[in-house]
Amino acid sequence: MNTAPTGKPASPAGAPALEASTPGPDSPQTTMVTPRVLASQPAARAADRSITRPAGTITIRDLTAYYSTQPAIRDVSLEVAANRVTALIGPSGCGKSTLLRCLNGLHLTTPGARVDGDVLLGGTSLYSAGIDPVEIRQRIGMVFQRPNPFPTMSIQDNVLVGLRLGQGRRGRRGRHDDVVERSLRHAGLWEEVRNSLDKPGASLSGGQQQRLCIARALAVSPDVLLMDEPCSALDPISTLAVEDTIASLKSELTIVIVTHNMQQAARVADTTAFMNVRQGAGTLVEVGSTTDIFSTPKQKETEDYVSGRFG
Amino acid sequence: MSPNPPRTPPDLVSDPAAPDTAPGVPVAAGTSDTADSTEAATATAVATMPTRPPLGQSTTATARRKRKNITMIVVLSAVLALAIAVLVWVLGYVAAEGLKYLSPQFLTHTPPGNPSAGGGGFANGIIGSLIIVGIATAISIPIGIAAAVYLHEYGGRVAKVARFVTDVLVGVPTIVTGAFVYALIVIRYGYSGYAGAIALAAIMLPLIIRATEEMLRTVPRELREASLALGISKSRTIVSIVLPTASSGIITGCMLAIARAMGETAPLLLTVLGNDLFVETNPDHRMATLSLQVFSNAITGFQAAQGRAWAGALTMVLLVLIFTAIARIAGRRTAVSGGKR
C-alpha cells in the first residue's frame, strides 16, 4: 500500500494536490484512500479534476470470483489502461458482468460471494484489509443494464445523491448547481432537462433515465466508470446518445463497458477483451486493440464469436 | 364447418372439410384427433399442427369459453358485492346509530355519574385513547421498523428465528398479551396508562415488523446496488434510499397497526381498567379509553348509555379515518413522486 501515491498514474494536477492537502495527524499517508482524505476534500478534488483528472488504471490479477462455491470467473488477468474505453464481450453467462462487479466490490455484496486474486486501482489493491469498499465505489462509478434512477428523487437530487449521501456533511450542504450542470452536460442530458430539474427522475424516458444514471455516477468525480450493458434496454437513438457520451468522457476517465452488441464494442472501445466459458467458469480468452480483435483475432474462439458463428 | 373456407397454404392449415389442395395428402375427415393422426402419418411437416377451422368459425369452444367467462365475472362480482356490503352495512349502521348521539357535547364532556342518564360524552375516553395509543405508537414504530430493517437487510440465522416468532406473535390473541402485561407490570405497579400502552405496543410490534419487512422486500435490488455503486454506505442506503422508497407501504402498515390498537379492548381491561369519572391525562394512573367506554356503556342495558356507546364507536372509526388520511397525505409528500416504475 506504500506504493499507492506513486502507483497512481501520473497526473500532475490531481494526485499531488490530493496528497498535499491531506490534513490531520491521524490520516495515514500509507493508505491512499482514507476516509479523511475523501471526506474532507471533495471540493478540492472536484476542482482539480475538472482540469486534468488522475485517471485510473485497473490491474486485474488472477481473479477468481465465486458465487458460494461455484466459480463464475476463473483466473482472469487484465490490464485496463487509463483514459481508454475497454469493452468486455462474450456470450451470455461468461462472467462479463461478474468481472465488472468485482472491479468495484459490488460482487461481494451478494450473499455467499467471494473472490481470490486481486484488483488494483492505480497500484492500490481494492481487496486489501485496510480498504473500505464504500470508498472504492466513490472512485469507481457504475451504470447498470436497466436505468435505475431513484424513484423518490427529482432529477437534480438524483444527480447529487452520491455527493449528498456519500461524502459526509460537506456534500450535504449547498445546492451544488455547478455539479448538477457539469454532470448533466457530460452525460448529454443537460439541454433536455435544464428546465425540469425538479421533476421526478422516473418521469424521463428510458434513454434519458440512463443518461441521468450516467450523470449521477459522474457527479462524484470517479476515476473509472463501469458500464454493464448500458444500452441493452435502449432504442437506437438513445443508444447513440449514450455512445456519444462515452466518447466524450474518454478524455477524463477510464471506461469499462460490458456489451452484447459487437458493433457497439467496435464503435466505442479502444481495447476489447473477449471472454468465454471454459469448464463451467468464465475465462479471458483474448485481449487486444478493438481493430485486432475484430479483424485479426489470434484465437479461433474469438474469431468464431466476432464473426457470429456462435454466441 | 364451412364447406368453402378461405384458401390457406396446405402446409400450414389443412381443413378436414376442404377439398384437398396438395396431391398425395388424403382428405382427413372427422374430428381433429383423427385428422391429426392421419396427417402425422402422411405429412411430417404438419405433424404437430392441430387442424383448425378458419378464424371466426370455431363455435363450440369459443362459446364455452365465453359462457365460462361470463359465469366467473358474475360470481366474482357477487362475492365482491357481498364483501363490500357487509363492510358498508357495519359502517353505515355505526354511523346511523352514532350520529344520533354524536355532538360537540359528546366530544367535550365526561359521562354522567348515573349511566342511565342522558347527556355527557366520552371526552376522557378520547383523550385517554389518544394518549395510550400515542405512547404505544411511539414505542412500537421505531422498534418495529428497526427490527424489520435488521431482519431484511442484515438477516442471518437469528433473523429466521425472529421472523418465525414474529409470525407466531401476530396470531397470539390479544387477551393473552394483556394477561402477560397484567402479570408482569400491573401486579407490581397497578393499573396504568403505561401498562396499557405497553400491551398495545406488544400487539402492534409484530404487525409493524411484518408490514415493513414486506415493503422492504418490494424495493428492487437494483436500487440498492445503484446506491452502493455511488459510494454510499449500506446504512445510508437503507436510511436515505430504501426506507423512503418503501415509505408509503410502511406508513400504511403502521396505520393498520394503529387502527388495530385503537379498537383493542380486552388487553386494556387488564391493564388500564378504565375511568369513567373524569379526564385523566397522567398515564401513570388508570385511564379511560374509547374502546373501554364503548364496552362498559354498551353492556349496561340503559338506552342512553348504549347511545353513547354507538357514538363512541363512530368516534373511533372517524379517528382512524382521520389518522389514515393524514398519514396518506404525509406519505405522498415524502414518497415516490410520480414515475413509471
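Me: When is a residue buried, and when is it exposed?
Reply: Count the other C-beta atoms within 10 Å of its own, all placed from the backbone. With 20 or more the residue is buried, and in between it is partly exposed. With 12 or fewer the residue is exposed.

This is a predicted model: local features need pLDDT of at least 70, side-chain atom pairs count only at pLDDT 80 or more, and totals for chains, interfaces and linings use all residues. Residues are numbered from 1 along each chain as its sequence is written, with chains lettered from A and ligands numbered from 1 in the order in which they are written.

Me: Which residues does A:Asp62 contact, leaving aside neighbours within four places in sequence?
Reply: Contact means that two C-beta atoms, placed from the backbone, lie within 7 Å. The partners are A:Asp75, A:Ser77 and A:Gly117.

Me: Is A:Ser221 buried or exposed?
Reply: A:Ser221 lies in the loop between α11 (206-218) and β7 (224-228) of chain A. Its phi is positive, about 50°, although it is not a glycine. Around A:Ser221 are 25 other C-beta atoms within 10 Å, so it is buried.

Me: Where does A:Gln279 lie?
Reply: A:Gln279 has 7 other C-beta atoms within 10 Å, so it is exposed. Its place is the loop between β9 (271-278) and β10 (281-289) of chain A.

Methods. Helices (H or I, at least four residues) and strands (E, at least two) are DSSP runs, numbered from the N terminus.
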